[in-house]
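Hi,

Here is the structure I promised to pass on to you. Have a look at it first, and then read my notes below.

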Amino acid sequence: MHLLRQILLLQQQQKSIRDITRSLGLARNTVRGYLRMLPDPATLSLPQLSDQQLDELVQSRPPAPSPGAPLPILQQRFAQIDRELTRPGVTRYSLWLDYKTEHPDGYQYTQFCHYYQLWSQRQQTSMHMEHKAGDKLFVDFAGKRLSLVDQITGEIRPVEFFVAVLGCSQLTYAQVVATQRKEDFITALQNALHYFGGVPAAIVPDNLKAAVIRSDRYEPQINETLADFALHYQTTILPARSGKPRDKALVEGAVNILYRRIYAPLRNEVFHRLDDLNAAIRPLLDAHNQMRFQNRGHSRQSQFEERERMHLMGLPNTAYLIKHYAGSRVQKNGHVLLSEDKHYYSVPYRYIGQWVRLIYTASSVEVYCQHQRIATHQRLQGQYRYSTLKEHLPPAHQWVSDWNPETFVRRADRIGPQTRQAVEAILTSRAHPEQAYKSCQGVLSLEKKVGRERLERACQRALCYQSVSYKVIRSIIERGLDALSDASPVSSVPTHENIRGASAYQ
């Protein structure tokens, strides 16, 4: 406005354009352009015109277009052109042909593209964002991947490059993981939080499946495992808009920088394991964080220590265990199937027939029914095997579940030594101990009928007969043979002169 006032003042003093250009050091065409944009300078009162009023005068009289220029007609088509370009097979050239068909005197293809490009750039505006300390962590996977080489086969296997950047200080964390699946993604995200030593208020991921199940402009559906991770660390997941990389421009820029500062130094090295590659990345990452910004006196690391570290929330006492979710119906035997391991786990018998939810980690399995935990087990890997807790079984089944050789021997020992020997003899007389459980239970049940002393004597006599079973012991008690003082077996062979003794066979 100051320069424009000087031009108008000299014009009112009847100075020629040559004198004005010589006085102000401007080109003649520049002075002519300014004068063409304004009314007659003689009609203007410069002291009474404010800068705003002078600007309105300039804006109200745009420079006259060149003769025959069809720019306004073309500008009216730009919005439609922009929509048409999103359709399959539509190109700028085909749209230009349509334009030339309607306006044969219009612009040629080069000018057509030039003016459309100018219009498109004005539509794609961006806004500078001021990031608060400790507010957001931006995460993403790099588009270009690093690779490992199999030591045996020589096969080259690509691996994913994970990057996380704090918004305020731009402190960066990076590592490689095998895949972009939720297990690897959450592990890398957890490592980033521990690298920073704190938790931001929000985490901004991309719309990958490990973070977002279904993308939506207003209410995206967060992956259940990631939501549980955020709850554990008391933070929030704010997914970027689909197809809008500017929502996480910091991490996009960091990826491009790390291509030069990590990818390039490692381009000629060969790695066989993820741990070795991550070990090589760490010193390069630290050097990147300690490098000073251009034209600034601080680095990412110093900016983090001075401005952001104290605003991060503290880490929880325990690290997050990745949880998996599954559903199952309780079977009639009181067990549910964890299909991933093909292993069965018991639940209280009153939940038979109900649908339950299994939440399991690498070491434990929890079973929930209507948001209430009803069972907890140690996770086992044996296929088609059962993990059963005695308290989950019905009372009758609990009694049977206690049957084992040690239990019967222990119960018999409380009665007496003869009963214990009889039970041990019954257990060893069968090919499999379980075949003798009911016989042992029958012998022990005789204590309630006849008492401990009679059972002890009956077992002693059965041991002398060397024929120990439930039927033998019960027969001894029923016939009263346990009351005899001599526990040795009674000979049933009578004495007769026609019966030879053992001496006849010597």
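This is a predicted model: local features need pLDDT of at least 70, side-chain atom pairs count only at pLDDT 80 or more; totals for chains, interfaces and linings use all residues.

Cys-459 has a relative accessible area of 0%, so it counts as buried. Cys-464, at 32%, is partly exposed instead.

**Rings**

A pair of rings is described by how far apart the centres are and by the angle of the planes. The count for this model comes to 18 aromatic pairs. Take Phe-162 and Phe-185: their ring centres are 6.2 Å apart and their planes sit at 75°, so this pair is edge-to-face. Phe-162 belongs to strand E3 (residues 156-166) and Phe-185 to helix H9 (residues 182-196), so the pair ties together parts that are 23 residues apart in sequence. Are these two buried or exposed? Phe-162 is buried, with a relative accessible area of 0%, and Phe-185 is buried too, at 2%.

Helix H9 turns up again in another pair, made by Tyr-173 and Tyr-195. This one is tilted, with 5.1 Å from centre to centre and 45° between the planes. Tyr-173 sits in strand E4 (residues 172-177) and Tyr-195 in helix H9, so parts that are 22 residues apart in sequence are tied together. Tyr-173 is buried at 4% relative accessibility, while Tyr-195 is partly exposed at 23%.

Phe-78, Tyr-116 and Trp-119 make up one aromatic cluster. Lys-144 lies over the face of Tyr-259, at 5.1 Å from the ring centre. Tyr-93, Leu-97 and Tyr-109 make a nonpolar surface patch of about 280 Å². Of these, Tyr-109 is in helix H8 (residues 109-123) and is partly exposed, with a relative accessible area of 31%.

**Charges**

Side chains of opposite charge can pair when their charged atoms come close. A search of the whole structure turns up 18 salt bridges. Which parts of the chain does the one between Glu-224 and Arg-357 link? Glu-224 is in helix H10 (residues 224-232) and Arg-357 in strand E12 (residues 355-360), distant parts that are 133 residues apart. The N to O distance in this bridge is 2.5 Å. Both ends are partly exposed: Glu-224 has a relative accessible area of 40% and Arg-357 has 33%.

Now compare Arg-22 and Asp-19, whose closest N and O atoms are 3.4 Å apart. These two are three residues apart in helix H2 (residues 17-24), so about one helical turn separates them. Arg-22 is exposed at 59%, whereas Asp-19 is partly exposed at 32%.

Arg-452 and Glu-447 form a salt bridge as well, with their closest N and O atoms 3.7 Å apart.

**Two glutamines**

Have a look at Gln-370 too, which has a positive phi of about 55° although it is not a glycine. Gln-370 lies in the loop between strand E13 (364-369) and strand E14 (372-378), and is exposed at 71% relative accessibility. Gln-466 also has a positive phi of about 55°. Its loop runs between helix H18 (452-465) and helix H19 (470-479), and Gln-466 is exposed, with a relative accessible area of 73%.

Cheers!

Note on methods:
Residues are numbered from 1 along each chain as its sequence is written. Side-chain values use heavy atoms; hydrogens and water are left out. Patches are made of residues with over 30% relative accessible area and no salt bridge: like charges are joined within 9 Å, nonpolar side chains (Val, Leu, Ile, Met, Phe, Trp, Tyr) within 5 Å. Accessible areas come from the Shrake-Rupley method with a 1.4 Å probe; for residues, only the protein chains shown count as cover. A salt bridge is a side-chain nitrogen of Lys or Arg within 4 Å of a carboxyl oxygen of Asp or Glu. Helices (H or I, at least four residues) and strands (E, at least two) are DSSP runs, numbered from the N terminus. Buried means under 20% relative accessible area, exposed over 50%, partly exposed in between (1.4 Å probe, protein chains only). Rings of Phe, Tyr and Trp (its six-membered ring) pair if their centres lie within 6.5 Å; planes under 30 degrees apart count as stacked, over 60 as edge-to-face and the rest as tilted. A charge sits over a ring if NZ of Lys or CZ of Arg is within 6 Å of the ring centre and within 35 degrees of the ring normal.
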